[in-house]
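Hi there,

Here is the structure I promised to pass on to you. Have a look at it first, and then read my notes below.

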Amino acid sequence: MTEYRPLKIALLGAGSVGSQVARLMIENKAELAARVGAELELIGIAVRDVNSPRNADIPKELLTTDAQSLILSADIVVELMGGLEPARNYILQALNSGSDVVTANKALLATHGPELFDTAEQVGAQLYFEAAVAGAIPIIRPLRESLAGDKVTRIMGIVNGTTNYILDQMDSTGATFDQALAEAQSLGYAEADPTADVEAYDAAQKAAILASLAFHTEVPLEKVYREGITKVTAEQIQAAQRDGYVIKLLAICERLADADGISVRVHPALIDRTHPLGAVRGAFNAVFVEAEAAGSLMFYGAGAGGVQTASAVLGDLVSAAKRHVAGGPGLADSVHANLEVLPIDVVNTRFQVTLEAKDEPGVLATIANVFSSRSVSIETVEQSVRVDKGVRSKTATLEIGTHAASNKALQDVVQTLSESDVVDSITSVIRVEGI
Ligand code: NAP
C-alpha cells in the first residue's frame, strides 16, 4: 500500500539504456512502488523517431517527440539521450522547473558539469549520475556518500571496456592493435568509429567526473592529460608479460602532496599482473580507490551494456523518488577544496624505456649519463643481444626501468637519447603504475 501520490517520471531516450530502463520500470512497477513508497508513473518517453524499432517491448503510446511537454509535466526526468545538446538544455529546463534529474551522460557532465550542478544547487534540485561512470558499478555513490568522511588519495580505474577488451586480446592472443580492434568491432565491443574509446576521450571524461568527486574540485576536461592505446605494440605487450606486467589503459586521479594539487590523467601503463587491476579481463571495468582511513577498495563489474547501465539508472531513480517522498535536501556536491589540476610535466611516475643501442664498450655509461644528467635515477637495466643464425646483432636491446621521475625530466631524457649517436631507436616508453 502506498499513500504518497504517484510520481511522474519522464524518460528522454529509448536507446540501448533508455529502452531497458522503460522495460524494467514497467515490469517491476509494484516492487519499485513498494521500495519508494509511491508509484513511479512513466508518463512518456522522448525519442527522435517514434517509429524506430526498439530493443525492448515498450508501449508505443508512451513514445513522443515532444520532450519539452514531458519535462514540464514530470517530477523526475531521466536523461538517456546522450550528446551535449539538446541534453544540456533539457536538463537545465528540468532542474529549473524543480524536477530532480537522473542522467548517464558522462560527456555532458565532463563538459558542462559545473553549470548543471550550480543550477541544481540554486533551485534545490538533485542531479544523479551513477551510470555516467563505469556502467553498472556503484562508484559515484561510494565517492559521494560512503567515503564522504574520508580523504581519497588516489583512484586508478579501468573505465573503458572497449580498450580493456582490445588490450586483453593483445595480451592473451599476441594480436596486434589493429587485429584486436577489428575483433572488438566484429563482436560489437567497439564502434565503427572507435576514436572516442581508443584515443581515451571517453575515459578522460570519466576521469574528470571521478576526480571532481574524489577531490571536491572542479576538473575541466581540458586539464585531463590523455593518451590513447593506438600506439601500444604487440612487442610492448610481450615485454610486459616477460617482466610480470600487463598493459592497461588507466584513468588515474591522485593528490600530489609535494606539489599541492591533483593530477588527472589517462594513459596506457604497465601494472603488475598481481595487482587487482591487472586481473580485470575482457570488457570489464574496475575502479581501485585508495583512501587515508579506508585503505584500498576495489569496485568491479560490467562497465557498459544497456541492461547493466539501466540498473545504475534505476538505483538513482529510486533515490530521487525516495527524496520526493521523504523530503530533505539530498546530496550536494562540493568543490570547496578547489585544488589545482596540475599539468602532466610535474607528475612523478616510474618509467620503462626500451631502446636499441650500439653494442660497443662505453655505450651503457653514455646512456646512464643522459639519465643522471636529468636527475632520472635508473632502477634496473636489462641488456640483450639478438643472435641470428650464429651472427650477433650490432645493436643491443636495453630495457631501462627508472625510479619515480617527473614526466618533463623523462621527456628530456628521451629527446636527448633520440639524438644520440649511440642510440639507434627508442622502441618503447611507458609508465609503470600501481607500485
Ligand atoms: P542510444 O542507444 O544512442 O539512444 C539514444 C536515445 O535518445 C534514442 O532513443 C534516441 O531516439 C534518443 N534521442 C537522441 N537525440 C534525441 C533528441 N534530440 N530528442 C529526443 N530523443 C533523442 O544511446 P545509449 O547507448 O542508450 O546511451 C544513452 C546515454 O547513456 C548516453 O549518455 C551514454 O553515454 C550513456 N551510457 C551508455 C552506456 C551503454 O552501454 N550504452 C553505458 C554507460 C552510459 P531514437 O531512438 O528515436 O533515435
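How many residues does the largest nonpolar core have, and which of them have the most contacts inside it? Please keep in mind that this is a predicted model. The core has 79 residues, and I139, L143, I155, I166, L210, V264 and V266 are those with the most contacts inside it. Its top contributor is helix α10, residues 201-215, which gives ten residues. Both domains take part: at least three residues come from domain 1 (7-135 + 307-326) and at least three from domain 2 (140-302).

Apart from its neighbours within four places in sequence, I139 touches E130, V133, A134, L210, V287, V289 and F299. There is also a second, separate core, with 34 residues, including L11, I58, V78 and L317.

Now go back to helix α10, where you will find K206. The UniProt record, an unreviewed entry, places the feature "active site" at K206. Is K206 buried or exposed? K206 counts as buried because its relative accessibility is 6%, and the cut-off for buried is under 20%.

What surrounds this lysine? Leaving aside neighbours within four places in sequence, K206 is in contact with K106, A132, V133, A134, V159 and N160. For V159 there is a distance to look up as well: its backbone oxygen lies 2.7 Å from a polar atom of the K206 side chain.

Enjoy looking around, and write back with any questions!

Best wishes

Conventions
Residues numbered from 1 in each chain as written. Predicted model: local features only at pLDDT ≥ 70, side-chain atom pairs only at ≥ 80, totals over all residues. Heavy atoms only, no water. Core = buried A, V, L, I, M, F, W, Y, C linked by side-chain atoms within 4.5 Å. Buried < 20%, exposed > 50% of the residue type's maximum accessible area, 1.4 Å probe, protein only. Helix = DSSP H or I, 4+ residues; strand = E, 2+ residues; numbered from the N terminus. Domains from an automatic or database assignment. Contact = heavy atoms within 4.5 Å. UniProt positions renumbered as here; feature names shortened; annotations may be inferred. Polar contact = N/O pair within 3.5 Å; in protein donor to acceptor, adjacent residues only side chain to side chain.
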